[in-house]
Amino acid sequence: MTPLVPQETEPTFADFGVHPDIVASLSDLGIIHPFPIQAMTLPVALGGHDIIGQAKTGTGKTLGFGVPMIQRVVTPADEGWADLAKPGKPQALAVAPTRELAVQVSSDLERAGKQRGVRVLTVYGGRAYEPQVEALKRGVEIVVGTPGRLIDLAKQGHLDLSQARIVVLDEADEMLDLGFLPDVETLMSLTPAGRQTMLFSATMPGAIVALARRYMTQPTHIRAMGDETENAHTVKAIEQFIYRAHSLDKVELLSRVLQARDRGLVLIFTRTKRAAARVTDELVERGFAAAAIHGDLGQGAREQALRAFRHGNVDVLVATDVAARGIDVEHITHVVNYQCPEDEKTYVHRIGRTGRAATPASPSPWWTGKTCRAGR
């Protein structure tokens with residue numbers, strides 16, 4: 001009789017010692033098995049160690065730091081709640097460079113921490129202070145926000161970070177590019193010296209390494225970049241194409257692409273706010289369900305456009321690089337660079353809106369005009 005040989009199975013979140021309530025919340029969302037960056041991060045992060053996490057955009061970094069945050073905070077339902085020095089004050093802080101990314105991270109944390117009863121608050125500019133202040137008064141376990149509003153609330157005495165034992169800097173290189181480094185240093189100074197710090201980014205410029213050395217204690221560098229023979233930062237399954245076109249022909253060529261068979265949601269990037277508005281208007285005139293996101297729109301209008309895109313009420317979103325990072329929308333089958341980005345890093349993050357962890361990878365056309373050479 002041939003002995004039964006146990007078959008190797010893919011590890012689940014439960015195999016990493018994740019709290020059963022978190023496992024159940026993730027299971028309700030259809031998330032059972034961790035992605036590589038998550039599998040490498042969880043054992044280290046759950047142990048309270050500092051982490052520098054580097055992975056391609058769209059590979060699931062949020063749960064890599066989010067699950068340990070949710071597990072390590074104490075909720076009102078936990079036995080240790082009464083023993084806290086300041087119950088209700090934030091025990092964990094996640095800093096994001098943009099409002100859109102902050103909202104996305106907060107949403108993921110809320111869903112993963114639903115059965116744990118973890119209270120998550122999102123704070124960012126462009127919104128009234130009062131609801132955020134009221135939520136802080138009621139008590140929260142995790143705060144996710146942009147640097148400016150976080151500092152404003154702290155200076156006004158509403159945000160007390162003295163109990164924030166876990167601090168996460170998400171998309172740290174983007175915060176550096178946007179000039180937030182002094183704000184990040186201010187926020188770090190408001191948190192306890194013995195905190196756990198996790199820094200996540202797709203790229204690691206020298207200034208980020210210097211930041212890590214200053215604020216982290218013997219960090220573990222976790223790098224989930226895949227096969228070294230492929231592009232260092234893009235997901236391997238994304239197909240990339242270049243089309244040369246005269247500037248007067250771009251919208252017509254774009255219209256042909258939008259008629260591709262089996263296409264899903266399409267995200268189109270422009271360099272300027274004026275171009276985003278113009279392309280959107282021209283597509284709407286041609287009968288496409290299109291909307292725009294750019295800096296001239298108020299926060300409410302931007303959120304409305306993104307919500308319509310998520311729900312499929314519009315299937316074409318034209319955006320400036322305000323939407324280039326951290327926007328996790330499923331079923332984006334095409335990303336179009338209508339205008340060339342300023343640098344290769346921006347290009348990487350633009351095309352990373354497709355081929356994400358839970359989204360089928362797909363072609364990412366790069367449209368070039370007379371003044372932009374292919375391959376730039």
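Is the crossing of helix 2 and helix 3 left-handed or right-handed? The crossing of these two helices is right-handed, meaning that the near helix is turned clockwise from the far one by less than a right angle. The model you are looking at is predicted, with local features needing pLDDT of at least 70, side-chain atom pairs counting only at pLDDT 80 or more, and totals for chains, interfaces and linings using all residues. Residues are numbered from 1 along each chain as its sequence is written, and side-chain values use heavy atoms, without hydrogens and water.

**The helix pair**

Helices here are DSSP runs (H or I, at least four residues), numbered from the N terminus. The axes, lines fitted to C-alpha atoms over the stretch in contact, come within 8 Å and cross at roughly 25°. Helix 2 and helix 3 are therefore roughly parallel to each other (angles under 35 degrees, on a scale from 0 to 180 degrees between N-to-C directions). Contact means heavy atoms within 4.5 Å, and these residues make it:

| Helix | Residues in the contact |
|---|---|
| Helix 2 (residues 36-46) | Ile37, Gln38, Thr41, Leu42, Ala45, Leu46 |
| Helix 3 (residues 61-72) | Lys61, Leu63, Gly64, Val67, Pro68, Gln71, Arg72 |

**The cores**

The largest nonpolar core has 35 residues, of which Val67, Met69, Ile142, Val144 and Met198 touch the most other members. Such a core joins buried residues (under 20% relative accessible area, 1.4 Å probe, protein chains only) of the Ala, Val, Leu, Ile, Met, Phe, Trp, Tyr and Cys kinds through side-chain atoms within 4.5 Å. Apart from it lies another core, of 31 residues, including Val123 and Leu211.

Note on methods:
Buried means under 20% relative accessible area, exposed over 50%, partly exposed in between (1.4 Å probe, protein chains only). Angles under 35 degrees count as roughly parallel, over 145 as roughly antiparallel, 65 to 115 as roughly perpendicular and the rest as oblique.
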